[in-house]
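Please find below a short note on the model, arranged as numbered points. The structure is shown first.

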Amino acid sequence: MSNPNPPTIEESHAAGSNINPVQNKFTDRLTHVLSDLGRNGIFIALIAVVVLFSFLTDGILLRPQNISNLVVQNGYILVLAIGMVMVIIAGHIDLSVGSVAAFVGACSGVFAVQWGLPWWLAVVLSLVIGALVGVWQGFWIAYVGIPAFIVTLAGMLIFRGLALVVLGNANIGSFPTEYRALGNGFLSNVFGEFELDPLTLGVGALAIVILVVQQVRTRRGRVKYSQDVEPLAWFITKLVLISAAIGFFAYALASYKGIPVTLIILGVLVLVYSIVMNRTVFGRHIYAIGGNRHAAELSGIKTRRVDFWLFVNMGFLAALAGLIFTARLNLAGPKAGDGFELEAISAAFIGGAAVQGGVGTIGGAIIGGLIIGVLNNGMSIMGIGIEWQQAVKGLVLLLAVAFDVYNKRRSGGH
Amino acid sequence: MTNHILEMRGITKTFPGVKALANVNLGVERGEVHAICGENGAGKSTLMKVLSGVYPHGTYDGAIVFEGEEVEFKDLTDSEAKGIVIIHQELALSPYLSIAENIFLNNEQKGAGGLIDWNKTNFEASKLLARVGLKENPTTKIREIGVGKQQLVEIAKALSKRVKLLILDEPTAALNDEDSDHLLDLILHLKGQGITSIIISHKLNEIKKVADTVTVIRDGKTIETIAKQDVTEDRIIKDMVGRDLEHRYPDHTPHLGEELLRVEDWTAHHPQDTSRVVVDNVNLNVRAGEIVGIAGLMGAGRTEFAMSLFGHSYGSRISGKVFLRGKEIKTRTVAEAIQNGIAYATEDRKTYGLNLIEDIKRNISMASLKKLEKYGLVHDNEEYAVANEYRKSMNIKAPSVLVKTGKLSGGNQQKVVLSKWIYADPDVLILDEPTRGIDVGAKYEIYTIINKLAAAGKGIIVISSELPELLGICDRVYALSEGRITGELPVEEATPESMLKLMTMEKPR
């Protein structure tokens, strides 16, 4: 309730009906496009950052190899950001994900390297351990009622410590090839050697087709239920632009090594979790709890159960991030996962999640994570030192949230 | 001709695309109590925000003349410096600070060296407390005193600013009858000391009690200003709604069916102080198609009874039996209560009823998402259609169901809450203060909805602080005092006097 006095709807109805400004179709459409852009400000920010760094790096940023690197280097942060934004929407926070990633990475080293278990068994066991960590933290948060900030702050120390215990003050490496593929692998050359990998292009094309079909179906559904839809021209423009971006992305990957395995994992996660958040009862309960916990409870929503499963899920995703990171370095070390929690939290907030809870999207968190990734990558290419990178990222987080707050105040929202 | 302390002339305030106030005139005489009435959204609050500088000079048209000179306030501090103090419905006190600290917040009593002089602070505070008739130690924390007393602290705070014109926005909305009476007496007492008051209120009986003049606002326009001797409730209501309200309550002929709900020996203790009985051996029943009222003073345990019944949402050591259609049911969790056909619409919409940052649609579906589930996914177009249906049938005034509920007026928010529970399709609906903070026109609509639900065979329990309301809409009324049912009367036999007697019946000690 940042704005002290937005006029209520009834006020606007009571007194405003006779002075409705004359609007023609054109201004109507323009307003729609502008408000849409305002709502998707974060997407535009990503484009702006990409364009900026393409210039500053003389185009190196958009080279196929670098685009591929961008995905692989940021994959684990994006995996964490998915879980983190869900936790934040419910009004919690998780500070322990970096330590959990390190702990699980260390465990996977014991399984896959020291015990010599098959790679897939090591992966499954590690994910189970991650979920169990989530059970532990979820228990304290949901059923004992200790604030998530405290429980996960403790968890940050506990699991960093346990990671060191498991590692026994040494690094564990090197991992089996299949395991390493989680972080380094590419899916390509299935159809033989080509200049442009046909599989990658095919997947890109398929993604575009699925996107278009899904968008058109949603639009048809809304029309069928006589809801408002955006102007057709704008709808098509948006689809074309997004399809072009996917096409370019697929082209870049195809002309390098193909689709990174990390990207496949990420793609599946984004798809599944977007559906969970938008279309399942569980996801809608998360939003309801974040928006008003009391009201959710008195509507029969089992808030404790939702909180519990949120943290189990976060533990699972932290484990997955730990595996991807370990696989990428081919090494389970004591420093793994350092600061991951901060990047994941930043991604969620840059992506439009609200500190008070109730607001946020998976897509937003991914874009927020990509903005951080492009900043990291772009500044590294330019040879900017780590100290300035840190400062710039901090500033971007602050400005992104400030812009969001300003935007909401201007539109009179809450 | 008259001695006006305040004159607002031709005030017009426009929000983007909306005219909230259109050429409003208001004249307040020195030393009077001036009431402003109007439906929610009529523009009362906007007018007061213009007056107090919340909307600064330049953002509205028209002139404000205070004590004979034209004033141009830039903010609240400006208007307070002139002696205009506004007390909002939602009190602006800090719960963890003491009474004295709150009174002198941003007006600290400083001693030598610019440090706060605590002796002076507490001494001055106790003098102010004596003026408002509040017997509390000034060092008591705000959260340790009740809402009624907090209201008095707000007035003491206003007095500390040498207030000349005191504006009270719905001052008794959250108070019980006793505290309300005390507050109204205080307003009259302050009038004796020369302080002019503007009181914004929905409650016509209290307006009649204290006001010398009544101005009615509707749709952002002044309808008329009525002098005390000409004030009648019917005239005010007619002005407010713009039409005659033949009856304040819609006609209702009950068609009673079988017994739906029966509660036996329901007892609940205080959640922290588990030895204190809050709900004491309550027995009651509701038949299909029946509207049953629960009357009780503030603190009688009405809400506590309802919430302990609804999924043990309140209290500790709860015991007793609940029967639905003669079959015993459990209501240990809210989900279980809903599943067994009981719904409870809270008295505090904003804190316990709505997700204010979400839209109408998602609020309506919140308790019944399972119904909209298809192949494990929520069917969102269906959800939209359902919500739209309720928007029309319940007459929720909003351009679409995608409007956030935080932007709706109280009456429309209440309709959203009711829609949520009607969609959940319970057998018994407990409505706690269903018309609190709602204007007369919307109240009538809510009553009509309640009647329709009863006609559809639901059992309705209405909890209300307003006796006329209970007697106007219920078929049968229970009186609750100190957590016990002290009486039960069919509405034909109940009078305000007989009810009040039951409601104040004390426990034999």
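1. Strands here are DSSP runs (E, at least two residues), numbered from the N terminus, and two strands pair if DSSP finds at least two bridges between them.

2. The model is predicted: local features need pLDDT of at least 70 and side-chain atom pairs count only at pLDDT 80 or more, while totals for chains, interfaces and linings use all residues. Residues are numbered from 1 along each chain as its sequence is written, and chains are lettered from A and ligands numbered from 1 in the order in which they are written.

3. Strand 14 (residues 316-324) and strand 15 of chain B run antiparallel and are joined by three bridges. B:V322 of this chain stands opposite B:I329 in strand 15.

4. An automatic or database assignment divides chain B into domain 1 (4-241), domain 2 (257-341 + 426-509) and domain 3 (354-424). Between domain 1 and domain 2 of chain B, the C-alpha centres lie 34 Å apart.

5. The C-alpha trace of chain A spans about 80 × 60 × 45 Å along its principal axes. Of the 414 residues in chain A, 42% are buried (20 or more other C-beta atoms within 10 Å of the residue's own, with C-beta atoms placed from the backbone).

Terms used
Helix = DSSP H or I, 4+ residues; strand = E, 2+ residues; numbered from the N terminus. Buried ≥ 20, exposed ≤ 12 C-beta atoms within 10 Å, placed from the backbone.
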